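Please read them with the structure open.

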Amino acid sequence: MNQDCIFCRIAGGQIPAKELYRDEDVLAIEDVNPQAPCHALVLPLQHHDNIATLVEAGDGATTGKLFEVASRLGRERGGENGFRLVINTGSNGGQTVNHLHVHVLAGRPMTWPPG
Ligand code: AMP
Ligand code: ZN
């Protein structure tokens, strides 16, 4: 638990969030500033700065769990029209909260390329 990290504080129940799913490894919440009709975030309960540091740590089980939960939410929310998973990483990646999270976006057509 990193007391300076907003997502650690949400994971620890110190800051409220609308929880969609929780197990012993990961948490899914509604994004507070949704960019699509469905905008969820899936994060590991344990603090990792970003996807690169999680992969460097060799924790393939948590990496897999994040994608399993994100994909399931995307299927549930996006249905046959699909969904988008995004992991912003570092400053050029547009990451603003330095606790790894997978964005799950669904409910409208997405455009490409990203901004
Ligand atoms: P990123 O820019 O990829 O790091 O994404 C951070 C995301 O966290 C943004 O989409 C924010 O809207 C979202 N966010 C920030 N604070 C909260 C919060 N307290 N509860 C839920 N989502 C949050
Ligand atoms: Zn954290």
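1. Strands S1 (residues 19–22) and S2 run antiparallel and are joined by 3 bridges. This is a predicted model, and the points below should be read with that in mind. One pair to look at is Glu 19, whose bridge partner in S2 is Ile 29.

2. On to the next pairing of S2. With S3, S2 pairs in the antiparallel sense over 5 bridges. Leu 27 has Leu 43 of S3 opposite. S2 is mostly covered, with 4 of its 5 residues buried.

3. S3 also pairs with S5: the two run antiparallel and 5 bridges join them. Here Leu 41 stands opposite His 103 in S5. S5 has a further antiparallel pairing, over 3 bridges, with S4. In that pairing, Arg 84 has Leu 105 of S5 as its bridge partner.

4. How many of the residues of S5 are buried? The count is 5 of its 5 residues. Both faces of S5 are covered: one side carries Val 102, Val 104 and Ala 106, the other His 103 and Leu 105, and all are buried.

5. The largest nonpolar core has 13 residues, and the members that touch the most others are Val 42, Leu 66, Val 69, Leu 73 and Val 104. At least two residues of this core come from each of strand S2 (26–30), strand S3 (38–44), helix H2 (51–57), helix H3 (60–78) and strand S5 (102–106). H3 supplies the largest share, 4 residues. As a general matter, nonpolar side chains in soluble globular proteins tend to be buried together.

6. Not counting residues up to four places away in sequence, Leu 66 touches Val 26, Val 42, Leu 43, Pro 44, Leu 54, Leu 100 and Val 102. Another core, of 10 residues, lies apart from the largest one; among its members are Phe 7, Leu 27, Leu 41 and Val 97.

7. Which residues come nearest to ligand 1? Of the 16 residues around ligand 1, these are Asp 31, Asn 88, Thr 96, His 101 and His 103. An N or O atom in the side chain of Thr 96 is 2.7 Å from an oxygen atom of ligand 1. An oxygen atom of ligand 1 also lies 2.9 Å from a backbone N or O atom of Val 97. A polar backbone atom of Val 32 is 3.2 Å from a nitrogen atom of ligand 1. On its own, ligand 1 has 500 Å² of accessible area, and the protein covers 83% of that.

8. Gln 95 sits in the loop between strand S4 (84–86) and S5. Gln 95 counts as buried because its relative accessibility is 11%, and the cut-off for buried is under 20%. Its side chain reaches two backbone oxygens: that of Asp 49 at 2.9 Å and that of Val 97 at 3.0 Å. Residues up to four places away in sequence aside, Gln 95 touches Asp 49, Asn 50, Asn 88, Thr 89 and Gly 90.

9. Asn 50, one of the residues that Gln 95 touches, belongs to the loop between S3 and H2. With a relative accessibility of 16%, Asn 50 also counts as buried. The backbone nitrogen of Ala 52 is reached by the side chain of Asn 50 at 2.9 Å. Beyond its neighbours within four places in sequence, Asn 50 is in contact with Thr 89, Gln 95 and Leu 100.

10. Apart from neighbours within four places in sequence, the contacts of Cys 8 are Met 1, Asn 2, His 47 and His 99. Cys 8 and Val 102 are 94 residues apart along the chain, and their C-alpha atoms are separated by 15 Å.

Key: Residues are numbered from 1 along each chain as its sequence is written. Chains are lettered from A and ligands numbered from 1 in the order in which they are written. This is a predicted model: local features need pLDDT of at least 70, side-chain atom pairs count only at pLDDT 80 or more; totals for chains, interfaces and linings use all residues. Side-chain values use heavy atoms; hydrogens and water are left out. A nonpolar core is a set of buried Ala, Val, Leu, Ile, Met, Phe, Trp, Tyr and Cys residues joined through side-chain atoms within 4.5 Å. Buried means under 20% relative accessible area, exposed over 50%, partly exposed in between (1.4 Å probe, protein chains only). Contact means heavy atoms within 4.5 Å. A residue is near a molecule or strand if one of its heavy atoms lies within 4 Å of it. A polar contact is a pair of N or O atoms within 3.5 Å; within protein, one must be able to donate a hydrogen and the other to accept it, and residues adjacent in sequence count only if both atoms are side-chain atoms. Accessible areas come from the Shrake-Rupley method with a 1.4 Å probe; for residues, only the protein chains shown count as cover. Two strands pair if DSSP finds at least two bridges between them.
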